[in-house]
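Subject: Structure handover

Hi,

Here is the model you asked for. Please have it open while you read the notes below.

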Amino acid sequence: MEKLKLGIPKGSLENATVDLFKKAGWQISISSRSYFPGIDDDEIKCSLIRPQEMGKYVERGTIDVGIAGRDWIRENESDVIEVCEMVYSKVSRRPARWVLVVNGNSKIQGPEDLHGATISTELVGFTKRYFAERNIPVTVEFSWGATEAKVVEGLCDAIVEVTETGSTIKANGLRIVTELMESVPVMVVNKAAWEDPWKRAKIEQIATLLQSSLRAEGMVGLKMNAPKEKVAEITAVIPSLKSPTVANHYNSDWVSIESIMPEQEVRRIVPELIKLGAEGIVEYSLNKII
């Protein structure tokens, strides 16, 4: 039996990735004593891999397909195919941002003010290229962690750090000078695997279902019964992906109306629907929108 070698990002994205696969229809079980998670699909073999190394392993063909932040794919300049992006994370559904940060009382206002400065970051390769492209000579040092503390203690002039909300940066009395890169998780594929018909079909299946699960987040279905003469008024107030579905009741002057909408819209429109004569209003959750 053919198997697709799938890389699951170890670390901050690990649990969110397992949850996403569960919504998409795959059960992944991770043991603290193994780097090879189980999955309820005999056609897939999983490996836990640090996002920082995912692109390199995919490029070499050690694994066929993996999920990692676009930042680490760019950091390593990995020669891989990006199938799709998936905006999810451990904190929010917003993209992560790599930002240039200085002490709150620093006089630095832009990257050009860092001429001859020392910058500490985990994203060494990308940061070096960023400043080199702008002809700004800097020294970039790799940070093994606690990067914010280095600029607070004066161990460097600035840092390049990743953030989603910016709250930790502000809490440490630091200031964002500019954003260098926005990053979201992406699915990347080995070029040879992408040319294999069976592997490509399997990868496309996974990508479709993962994206459909993300698309369904925050969305619900709403259906109701209503008098035929009220259809135009009711459908005018119902948000939908395209247009609501209306079906006639058998031998009746009533219809069923159904629509997909953002969950937060339900609280706004339900009172209006009741006033317009809708009855039997049912809200239901969604796993996927394909």
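In which helix does Trp198 lie? Trp198 lies in helix α8. Helices (H or I, at least four residues) and strands (E, at least two) are DSSP runs, numbered from the N terminus.

Two notes on the basis. This is a predicted model, where local features need pLDDT of at least 70, side-chain atom pairs count only at pLDDT 80 or more, and totals for chains, interfaces and linings use all residues. Residues are numbered from 1 along each chain as its sequence is written, and side-chain values use heavy atoms, with hydrogens and water left out.

Back to Trp198. Its relative accessible area is 24%, so Trp198 is partly exposed (buried is under 20% relative accessible area, exposed over 50%, partly exposed in between; 1.4 Å probe, protein chains only). Trp198 touches Glu2, Lys3, Leu4 and Glu43, leaving aside residues up to four places away in sequence. Contact means heavy atoms within 4.5 Å. Trp198 and Lys3 are 195 residues apart in sequence, yet 9.5 Å apart in space, C-alpha to C-alpha.

Next, the cores. A nonpolar core is a set of buried Ala, Val, Leu, Ile, Met, Phe, Trp, Tyr and Cys residues joined through side-chain atoms within 4.5 Å. The largest has 30 residues; Phe21, Trp26, Met86, Tyr88, Met187, Ile206 and Leu210 touch the most other members. Elements giving two or more residues to this core include β1 (4–9), α1 (14–24) and α8 (197–216). The most comes from α8, with 6 residues. Leu210 touches Leu20, Phe21, Ala24, Ile67, Met86 and Met187, again not counting residues up to four places away in sequence. A second, separate core has 18 residues, among them Ala117, Val160, Val177 and Met181.

Now the sheet. Five strands form an open sheet in the order β4-β1-β5-β12-β6, with mixed pairing. Two strands pair if DSSP finds at least two bridges between them. β4 and β6 (81–85) are the edge strands, each pairing on one side only. On average, neighbouring strands of this sheet are turned by 30° against each other, direction ignored. Axes are lines fitted to C-alpha atoms, for helices over the stretch in contact, and angles run from 0 to 180 degrees between N-to-C directions. β6 and β12 pair in the antiparallel sense over 4 bridges. Ile81 has Val189 in β12 as its bridge partner. α1 packs on the sheet and touches β1, β4 and β5; its direction makes about 130° with that of β1.

Look at strand β7 (residues 96–103) too. 6 of its 8 residues are buried, so β7 is largely enclosed by the rest of the structure. β7 pairs in the antiparallel sense with strand β11 (residues 174–183) over 8 bridges, and with strand β10 (residues 158–163) over 5 bridges, also antiparallel. Val99 has bridge partners in both: Glu179 in β11 and Glu161 in β10.

Last, charges. The structure holds 14 salt bridges (a side-chain nitrogen of Lys or Arg within 4 Å of a carboxyl oxygen of Asp or Glu). Glu82 forms one with Arg70, the closest N and O atoms being 2.5 Å apart. Glu82 lies in strand β6 and Arg70 in helix α3 (residues 70–75), so the pair ties together parts 12 residues apart in sequence. Glu179 and Arg97 meet in another, at 3.7 Å, N to O. This pair links distant parts of the chain, β11 and β7, 82 residues apart.

Best wishes
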